[in-house]
Amino acid sequence: MGQSLYWTFTMEGLERGIFMRHFKFRWNGATENPGLAKHPETLTPTMARFEWTPHTISPASVAIPGNFWCVRDAVSALMGWPSGSEDWSRFIELPIPEDVEHLMDHLDLPGCDPERQRAIFETFLDHGGLAVYNFHACKISHMVYQPHLRHLQPLPPEYDGIDAELFRVYADLRTPARNCPTCMANF
């Protein structure tokens, strides 16, 4: 039986009890999270056993550009799932916000509000991840893959002119923090 390794990310001094998710990985390849099906050389989350809520938001009810597959596209890019793969194919169009949160838990991607949880966000900066922007006027969000959270890429041009707020960031902590070539060039 392999040993267990537990990581807990918390923010000290936070008065309202906001906390990060608790991660549990087993060195021997077993896991307490069914979304983590590991290949021998890496910890690779999958969509195995993830269930979407039967209803979604109707794309016809949303007056915003885009194809409404941003969650699939962003998560697949982060996880390295190619188009047409089994994991890529398990996504639905325009999932409800609660499903997105459950998906992030399923894939063990910790998240934070970058404005209110600045100390936690700073621990994510040297990792790849996902940025979620809220379009308040449309009451919808858009998820964007970010290769390096220290240098957030902007929203696609079709969203120019739409008031957007970065309200959630998720980090892929499966790999060690990496040095950023852009940051290293500035020294």
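Trainee: Where do arginine 118 and glutamate 122 lie?
Mentor: Both of them lie in helix H4 (residues 118–124), four residues apart, about one turn of the helix; helices here (H or I, at least four residues) and strands (E, at least two) are DSSP runs, numbered from the N terminus. Keep in mind that this is a predicted model, in which local features need pLDDT of at least 70 and side-chain atom pairs count only at pLDDT 80 or more, while totals for chains, interfaces and linings use all residues. Residues are numbered from 1 along each chain as its sequence is written, and side-chain values use heavy atoms, with hydrogens and water left out.

Trainee: And what do the side chains of arginine 118 and glutamate 122 meet in?
Mentor: They meet in a salt bridge, at 3.8 Å from N to O, the term standing for a side-chain nitrogen of Lys or Arg within 4 Å of a carboxyl oxygen of Asp or Glu.

Trainee: How many salt bridges are there by this rule?
Mentor: The count comes to six. One of them joins aspartate 73 and arginine 72, whose closest N and O atoms are 3.0 Å apart.

Trainee: Is arginine 72 buried or exposed?
Mentor: Arginine 72 is buried, because its relative accessible area is 12%, and buried means under 20%, exposed over 50%, and partly exposed in between (1.4 Å probe, protein chains only). Aspartate 73, with 36% relative accessibility, counts as partly exposed.

Trainee: Which side chain does arginine 168 meet in a salt bridge?
Mentor: Arginine 168 meets glutamate 101, at 3.7 Å from N to O. Arginine 168 lies in strand E6 and glutamate 101 in helix H3, so this pair ties together parts that are 67 residues apart in sequence. Arginine 168 is buried, with a relative accessible area of 18%, whereas glutamate 101 is partly exposed at 28%.

Trainee: Changing topic, how much space lies in the largest pocket?
Mentor: About 470 Å³ lies in the largest pocket. The search uses a 1 Å grid over the protein atoms alone, and a pocket is an open set of points where a 1.4 Å probe fits, with protein on both sides within 12 Å along at least five of seven lines, while lining residues have an atom within 4 Å of a point. Grid points are joined across faces, edges and corners, and the volume is the space filled by probe spheres set on the points.

Trainee: Which residues are the closest to its centre?
Mentor: Of the 26 residues that line the largest pocket, the closest to its centre are Pro95, Val100, Ile140, Ser141 and His142. Strand E5 (140–146) gives the most to that lining, with four residues.

Trainee: What classes does the lining fall into?
Mentor: The lining of the largest pocket has 19 nonpolar, four polar and three charged residues; Ala, Val, Leu, Ile, Met, Phe, Trp, Tyr, Cys and Pro count as nonpolar, Asp, Glu, Lys and Arg as charged, and the others, Gly among them, as polar.

Trainee: One last thing, what is the phi of leucine 94?
Mentor: Leucine 94 has a positive phi of about 50°, although it is not a glycine. Leucine 94 lies in the loop between helix H2 (86–89) and helix H3 (97–106), and at 7% relative accessibility leucine 94 counts as buried. Phenylalanine 68, also a residue other than glycine, has a positive phi near 70°.
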